[in-house]
Amino acid sequence: MNAVSESWACAALVGLDGPALGRLMPMHLYLCPEGRVRHAGPTVERLAGGNLCGRPFAEVVTLRRPRAAADMAGLLALAGLPLKLTLAAEPVLSLKGLVVALPDGEGALLNLSMGISLLDAVGKFDLTLHDFAPTDLAAELLYLTEAKSAVTGELRRLAQRLNGARVSAEEKAATDILTGLGNRRRLEATLKQFLGQGRPFALMHMDLDYFKQINDTHGHAVGDVVLCEVAERLTDECRVQDVVTRVGGDEFVILAVDIVDPLRLEKIAQRLISRLENPIQVEGIDCRISASIGLSVFTRHSAPDPARLMREADMALYESKGAGRARVTVYIPPEPPAGGDPG
Amino acid sequence: MHGLINRAIQCFLGDTYGAECWSHVARVAGVEPGGFEAMLTYEDALTDAVLDAAVDRVGLPREMLLEDLGTYLVSNKEFEALRRLLRFGGENFLEFLFTLDDLPERGHLAVPDLELPDLELSEDAEDGFVIHCRGGWPGVEFVVQGMLRAMADDYGALALLDVIDRKPGRATLTVSLLDAAFHAGRSFSLAAGGR
């Protein structure tokens, strides 16, 4: 700092008239030594609801932070500090402020700003750009707020569309195109879900009998119709909470929720088989099939291991196939003490 | 090209010439069936293909189509957000013109990867202005022309606009402000959702 500016630092520098002060600081309060408003900026008068001249500052503004001040001594003790205050006329609108003492005990200049409450104030008082000093960043803050909400809105809509696409892609990926049943992916996901929930259920592995002959004799088109009819009958026989999936050419897996009693399961399986044994009419051809079924059971006491459940149902199915066609076998776990290693 | 611009072209064609026009253009240009996403970026060539197909279909010169696009962006209700963002530039059309230099920065504040042309305003000898438009994509000066014409109308100003010089990557527009307060203009409140 050179000598000239140092001497200026102590002297009063500018004398401004009211309108000029108002343009520079539209939210100022120029206070006389007694603490009355000598001049107020146009915007603060708009917010405070009229002419403020002559009124004690404590009737116009309420100091909140760092502490309240009711007289000039209290106010000037806060000179230079960041202030938080409200207008008595607008107690919910939080303002920022700064007070400085004027030279020679001439009073004080208190300048106010809206800070973040700008958004509320603009709406409430229908402020225009002319209510702010052009040097104020109010317009930029409003601009950014609107730009941000426009962009966020676009992003939210994009996220919703993408999520919709994801859900439908996952649904497609887990669906067997021919029959509309779930596929192996659906089976694995549902198994994991049931095991995670600890929900008891039976896993019914079904393999169609005599289906290969239909395919070989009448062609794949007829075979496909038969598979669709099988899917329909199985869905029809099962409850809504059960999950019917097609996991291979003529292989189906059904997860039957909350049923673990071997006798009851055997009955259900027999009913499914006899339903499938009803001839299926395709273009005048009488297609006769049957099915072999192997079952495994998950209870709260079993280890939640999907591979083991599938393996046990496979073993039971293998036994059914070995015993002839149209059989049902429920896998019975070996007794732990006498049976040795179950693996 | 930014999805916002592609999306704007899509909305413009659909709203102005009908959904059938847009689906034809999209098919010819090879746009994905769902149309453009505003927040994704696409190859510039795709935007070009869309504009070519639109010119073919609509039967207007490219320049006119782009100018109409600019007007649409400011005056259509669907793009009210954009009109509002532009109106933050100033209280009247003249103030608005003076903020054109900041347009790319303002654009980046809103969408950091949005490419807008550099606009430089200078005062002309005869009570008018010259806007130098640099960069952006080919023909963007016509979109700017349409937008400025619509903004003048929005402010209630009477102004004449012309593209007088075009070279690759830059163009010059003239603005003659005949009457800054020709009519009342459209209302604007700083508050979002205001009257």
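Modeller: Let's start with burial. In helix 8 of chain A, the buried residues are Leu187(A), Thr190(A), Leu191(A), Phe194(A) and Leu195(A). Keep in mind that this is a predicted model.

Colleague: What puts them on the same side of helix 8 of chain A?

Modeller: The arc. These residues cover only 130° around the axis, so they sit on the same side of helix 8 of chain A. The face turned away from that buried side carries exposed residues: Arg185(A), Lys192(A) and Gly196(A).

Colleague: What do the buried residues of helix 8 of chain A pack against?

Modeller: Strand 7, strand 8 (243–246), strand 9, strand 12 and helix 12, all of chain A.

Colleague: How do you know that the span of helix 8 of chain A agrees with its number of residues?

Modeller: Take 1.5 Å a residue. The 14 residues should then span 20 Å, and the end C-alpha atoms are 20 Å apart, so the two agree.

Colleague: Which residues of helix 8 of chain A meet helix 12 of chain A?

Modeller: Arg184(A), Leu187(A), Leu191(A) and Leu195(A) do. Their partners in helix 12 of chain A are Pro306(A), Leu309(A) and Met310(A). By class, the contact has 6 nonpolar residues, no polar ones and 1 charged. The two axes come within 10 Å and cross at roughly 115°. The crossing is right-handed.

Colleague: Now helix 11 of chain A. Which of its residues are buried?

Modeller: Leu265(A), Ile268(A), Ala269(A), Leu272(A), Ile273(A) and Leu276(A). They cover an arc of only 140° around the axis, which means they lie on the same side of helix 11 of chain A. Their cover includes strand 7 (201–209), helix 10 (220–237), strand 9 (251–257), strand 12 (290–298) and strand 13 (328–330) of chain A. On the other side, Leu263(A) and Lys267(A) are exposed.

Colleague: Why is Leu263(A) called exposed?

Modeller: Exposed means over 50% relative accessible area. Leu263(A) has 64%, so it is exposed. Its C-alpha atom is separated by 8.8 Å from that of Val330(A), 67 residues apart along the chain.

Colleague: And chain B? Why is Gln10(B) called buried?

Modeller: The cut-off for buried is under 20%. Gln10(B) has a relative accessible area of 11%, so it counts as buried. Gln10(B) is found in helix 1 (residues 3–17) of chain B. Leaving out residues up to four places away in sequence, Gln10(B) touches Trp22(B), Gly35(B) and Phe36(B).

Conventions:
Residues numbered from 1 in each chain as written. Chains lettered and ligands numbered in written order. Predicted model: local features only at pLDDT ≥ 70, side-chain atom pairs only at ≥ 80, totals over all residues. Heavy atoms only, no water. Axes fitted to C-alpha atoms, helices over the stretch in contact; angles between N-to-C directions. Helix = DSSP H or I, 4+ residues; strand = E, 2+ residues; numbered from the N terminus. Left-handed = near helix turned anticlockwise from the far one by under 90°. Contact = heavy atoms within 4.5 Å. Nonpolar A, V, L, I, M, F, W, Y, C, P; charged D, E, K, R; others polar. Buried < 20%, exposed > 50% of the residue type's maximum accessible area, 1.4 Å probe, protein only. Arc of directions from axis to C-beta. Expected span 1.5 Å × (residues − 1).
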